[in-house]
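Subject: Structure handover

Hello,

Here is the structure you asked about. Please open it beside this email and follow along.

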Amino acid sequence: MRTIDLSAGVLEYDETGVGPPVVLLHGLLMNHTQWDEVLPLLPSGFRYLRPVLPLGGHRLPMKPDADLSLAGLVRLVAELLAALDLRDVTLVHTDWGGALFLTARGLDERVGRLVVLPSEAFDNFPPGLPGKMAALAARLPGGIALAARQLRIGWLRRTPLLFGQMAKYPLSDALVRGWTDPALGNSDVRRDLRKYAREKFDPAALIADTEALAGFTGDALVLWSPENKVMPPAHGRRLADLIPGGRLVEIPDAYVLSMLDQPEAVARELGAFLTGSESPQAF
């Protein structure tokens, strides 16, 4: 893992390949390993970067005074792109939707294209039962540690209140241990997560910030899973219609974490978008 020193603290990131940059983001209480199954299947000729954002699965705590609100995390993503001097980035979103707001904040000048897997959008913050349970855990004394411990128990993890609506197929114990080790082992990591997870969101502002994507000038692939109950299927179509260069491709037999449920399908569609090949499933 490499590191980059930003105003909020030191961020880890994984990097492989050479060529135009592709930045793969991750979700709450997850990290870069969310993409482990897809990454080897993606086309060569690109520089793939997987930052570890301070969303609870990060090993390096941020500075105590770091702004890790939604607005602060959006700025952090923009600062990361600038610090690495990345240009014409293909930015890939999943689960956490905050980076969709780069356009609303006037911070998307380094982003050339978007790929949006099932993510928070419009007023769906926090999303569904899992999001609401995460927000509740962040407000209870010891709640984050308790939630992390529960996620490590397979049958509990598969319940609708935890990851049962996030992944259609069972997640491996090893993968989830890697996601939860930081929060269980470091109180400062839990502090970082609480800063975001305790935030109260303004639905009208969230909708306006999402709709600002109408001003995004690059192409966009909305890679949605219609079966998932956490990120409404209607949001996938709405995003594809909203972004002038957007198109929708559906990934069947998957929930939110489609890169884990259907890694081959996600890699095929993402690879076709990167290389300019036309997907027969696009509509």
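First, a definition: a residue is buried under 20% relative accessible area, exposed over 50%, and partly exposed in between (1.4 Å probe, protein chains only). L161 is partly exposed, because its relative accessible area is 40%. L161 sits in the loop between α4 (154-157) and α5 (173-185). Helices (H or I, at least four residues) and strands (E, at least two) are DSSP runs, numbered from the N terminus.

Now the background. This is a predicted model, where local features need pLDDT of at least 70, side-chain atom pairs count only at pLDDT 80 or more, and totals for chains, interfaces and linings use all residues. Residues are numbered from 1 along each chain as its sequence is written, and side-chain values use heavy atoms, with hydrogens and water left out.

**Surface patch**

L161 belongs to a nonpolar surface patch of about 400 Å². Patch residues have over 30% relative accessible area and no salt bridge; like charges are joined within 9 Å, and nonpolar side chains (Val, Leu, Ile, Met, Phe, Trp, Tyr) within 5 Å. Accessible areas come from the Shrake-Rupley method with a 1.4 Å probe; for residues, only the protein chains shown count as cover.

**Salt bridges**

Side chains of opposite charge can pair when their charged atoms come close. A salt bridge here is a side-chain nitrogen of Lys or Arg within 4 Å of a carboxyl oxygen of Asp or Glu. The structure holds 18 of these salt bridges.

Take D85 and R110. Their closest N and O atoms are 3.4 Å apart. D85 is in the loop between α1 (70-83) and β5 (89-95), and R110 in the loop between β5 and β6 (111-119). They are 25 residues apart, so the pair counts as a link between distant parts of the chain. D85 is partly exposed at 44%, whereas R110 is buried at 17%.

Next, D209 and R105 form a salt bridge at 2.8 Å, N to O. D209 lies in helix α7 (residues 203-211) and R105 in the loop between β5 and β6, so the bridge ties together parts 104 residues apart in sequence. D209 is buried at 17%. R105 is partly exposed at 33%.

D253 and K168 also meet in a salt bridge, 2.7 Å from N to O. This pair links distant parts of the chain, 85 residues apart. D253 is in the loop between β8 (245-250) and α9 (258-261), and K168 in the loop between α4 and α5. D253 is partly exposed at 26%, and K168 is partly exposed at 29%.

Salt bridges with shared partners also join R2, E15 and R47 into one network.

**Rings**

How many aromatic pairs does the structure hold? There are six. Rings of Phe, Tyr and Trp (its six-membered ring) pair if their centres lie within 6.5 Å; planes under 30 degrees apart count as stacked, over 60 as edge-to-face and the rest as tilted. One aromatic cluster is formed by W96, F101, F125, Y196 and F201.

Charges sit over rings too (NZ of Lys or CZ of Arg within 6 Å of the ring centre and within 35 degrees of the ring normal). R238 lies over the face of F122, 3.6 Å from the ring centre. The charged end of R113 sits over the ring of F273, at 4.8 Å from its centre.

Best wishes
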